[in-house]
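Please read it beside the sequence and the coordinates.

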Amino acid sequence: MIGYVESLLNGILMGSIYGLTAVGLTLIFGVMKVVNFAHGSILMVGMFAAYFFVTLTGVNPYLALPVVVPLLFVFGFAMQKFIIKPIFEAEKDVREPITVIIVTTGIWYVLDNLALLLFGAQFRVAKTSVTGKMLEIFDMYFLWPKIIGAGITLLLGLYLYWFLKYSRMGKAVRATSLDREAATLMGIKQNRIYNIVFGLGCACCGVAACVLVPFYYVYPTVGVPFDIKAFIIVVLGGLGSIPGAILGGIILGVIETLGAQFMAATWTEMLIYVFFLLVLFVKPSGLFGLKQDY
Amino acid sequence: MKLLTDQSPFHKIATLLIIAGLLALPLVVSNPSVMQIFILIIFYAYLTSCWNFVGGFAGVLPLGHSAFVGIGAYTSTTLYLTYGVSPWFGMLVGGVLAAIMGILIGLPTLKLRGAYFALATIAFGEATRVLVENVEKIGPFEIRGPKGLLINLAGNSLADFQFSSKAPYYYIILFMLLLVLLLTFVMMNSKVGYYLAAGGEEPEAAEALGIKVSKYKLIAMAISCFLTALGGTFYAQLVLYFYPKSILGLDLSYEIAFIALIGGRGTILGPILGALLLRPVGELTRIYLSDSLPGLHLIIFGLVLIIVMRYQPKGLVEPVSRWFNRLARRVDQGDNNRKQEEDCHGVADS
């Protein structure tokens, strides 16, 4: 019994980190109606940055946050400004910007294989001061990096919620996501909002990267599983919904770890896909999504 | 681009020349590995043309088509290995299975918007891969999980769909490609094609006009999946060994979509242009550079994709056909002048 409670709690911890990767995706998805297929690759870029920062300087991994997060913000900002924006403009009248999906897939291929070319395919582990540290309560064991990660997810979720709800910029973002044209008429610079939203979405990946590095392998295709999980979470939670992304992440994490108690780990992967398809068939708007969005 | 029906004689002659050249190719090329590259180019053009029925005409982005390639390959091969059924027959069984699967998957998902449909098809493709990787046996059929299937050598036998030289494979896939292109052409100029185009661009308006968009999308999906599965059997018989990652992976699904988008989706020539550009790049860099510079061919893939989408969002078919038409006009000029003169005389006479 205690084993199930332990894996349930571990699922919640890991799931909140999945939620963290999905938050950035849902933000971009919600505002720009664009699926960023390069999301996992951006996470990978962040993980390599955090890995090298930590191994070269030997500092506490969470000190990489103020370095990696702004770096990825700039990265995302530039990616939107120079690659996605021109394509987006060419497809302005098309309701479903499919070309953007494909271009972000192209960016994914370039980034992942560039990493393969530069750093090789081997798995790297960052030896940090928190790696492998356990917390023991009632005979249950939890990794400290996961606990800290879940805490950071919660803080980031609250901050983003505050940012979108109350800050001036956040209001502009919401206005743009509701109605591009009307927002432009109100004097909101649509492209600037898009650049910032894309930057923020990538910055969320930066946070996730720093949280993952103390306990997760770093390798060139590390983004792919996170990418697909993030898509599933975003649809599960309802697109554009930040609480939905975090809750969706937790649901996914729980299915994964609890499922692993009853069946082989590869089968849980299958379970997640089937669960995702079921959600799509039954309620495509997700848990917190609006009906007109799908 | 209307190839054979186009009035211009230059178009007709050029098309016939290209087809004649393609038919004569195995007589000129004797090197099997060069032949293999040509076969793969045509094979990918074939798969992409099949994808085009859904991805091009129905206006959605399917990213799980490798699942149908896999259904085709696994069905015909397991039937062959277990009961000795000829792959020619197994091919059709696989096609029907894939079409049924496509309808089952399309029924709920084709109503979804672009991004959702793309994600649903990715999930379907990946679920299929994971399923096949984890199962050793389905009923009497051995599928051997991640180890894949090996087709025993039968030598040179038409009934067993195995040939000792590359030329028969080349002619089979060329014939399949021409057939699917003909079907594409017929479909594009049929009621179904017009309905699909209307439904892809403006679903609400089409529905308002009384077109059952989802019904026609389902028809397109069924045709596409059926033909894709035939391609799966061909591939299995060509390489004689395959495993889940090689024919069921996301990579193959993406590559098909990439080729279509770079060439120009929703056109007849698009898949061929895309395959002609991307496949040789993929093959050559994989053969010559994959040891020293791993991943380089995929970087080139991605870059080509970004650049083409940036400057030719409708694909390469646009500039190529513009160039071709200009050439045709110039060649036909003299011809047309003569014809016009004749017409004038005709009018004057009457």
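A network of salt bridges links A:E269, B:E126, B:R129, B:E133 and B:K245; a salt bridge is a side-chain nitrogen of Lys or Arg within 4 Å of a carboxyl oxygen of Asp or Glu. This is a predicted model, in which local features need pLDDT of at least 70 and side-chain atom pairs count only at pLDDT 80 or more, while totals for chains, interfaces and linings use all residues; side-chain values use heavy atoms, with hydrogens and water left out. Residues are numbered from 1 along each chain as its sequence is written, and chains are lettered from A and ligands numbered from 1 in the order in which they are written.

**Salt bridges**

- Over all chains, the whole structure holds seven salt bridges.
- B:R129 bridges to A:E269 at 3.5 Å, N to O, and to B:E133, where the closest N and O atoms are 3.1 Å apart.
- B:E133 and B:R129 are four residues apart in helix α5 of chain B, about one turn of the helix; helices (H or I, at least four residues) and strands (E, at least two) are DSSP runs, numbered from the N terminus.
- Both B:E133 and B:R129 are buried, where buried means under 20% relative accessible area, exposed over 50% and partly exposed in between (1.4 Å probe, protein chains only).
- B:E133 also forms a salt bridge with B:K245, at 3.6 Å from N to O.
- Because B:E133 lies in helix α5 and B:K245 in helix α10 (residues 244-248) of chain B, this pair ties together parts that are 112 residues apart in sequence.
- The relative accessible area of B:E133 is 18%, whereas B:K245 is exposed at 54%.
- B:K147 and B:E136 meet in a salt bridge at 3.5 Å, N to O.
- B:K147 is partly exposed at 44% relative accessible area, and B:E136 is likewise partly exposed at 39%.

**Contact between chains B and A**

- The contact (heavy atoms within 4.5 Å) takes 43 residues from chain B and 40 residues from chain A.
- About 4000 Å² is buried between the two chains, 79% of it from carbon and sulfur atoms; buried area is the accessible area (1.4 Å probe) that two parts lose on being put together, summed over both.
- B:R113, B:Y116 and B:L119 supply 19% of the area that chain B buries against chain A, more than any other three residues.
- One salt bridge is counted between chain B and chain A.
- Elements giving two or more residues to the side of chain B that touches chain A include α4 (87-109), α5 (114-134) and α13 (296-311) of chain B.
- The largest share of that side, 14 residues, comes from α5(B).

**Cysteines**

- Zero disulfides are found over all chains, a disulfide being a pair of cysteine sulfur atoms within 2.5 Å.
- The sulfur of A:C205 is too far for a bond, because the closest cysteine sulfur, in A:C202, is 6.1 Å away; A:C205 is buried at 0% relative accessible area.
- For B:C225, the closest cysteine sulfur is in B:C50, 9.6 Å away and too far for a bond; B:C225 is buried, also with a relative accessible area of 0%.

**A:S16**

- A:S16 lies in helix α1 (residues 2-32) of chain A and is buried, with a relative accessible area of 5%.
- A polar atom of the A:S16 side chain lies 2.7 Å from the backbone oxygen of A:L13.
- Not counting residues up to four places away in sequence, A:S16 touches A:A150, A:T153 and A:I250.

Note on methods
Polar contact = N/O pair within 3.5 Å; in protein donor to acceptor, adjacent residues only side chain to side chain.
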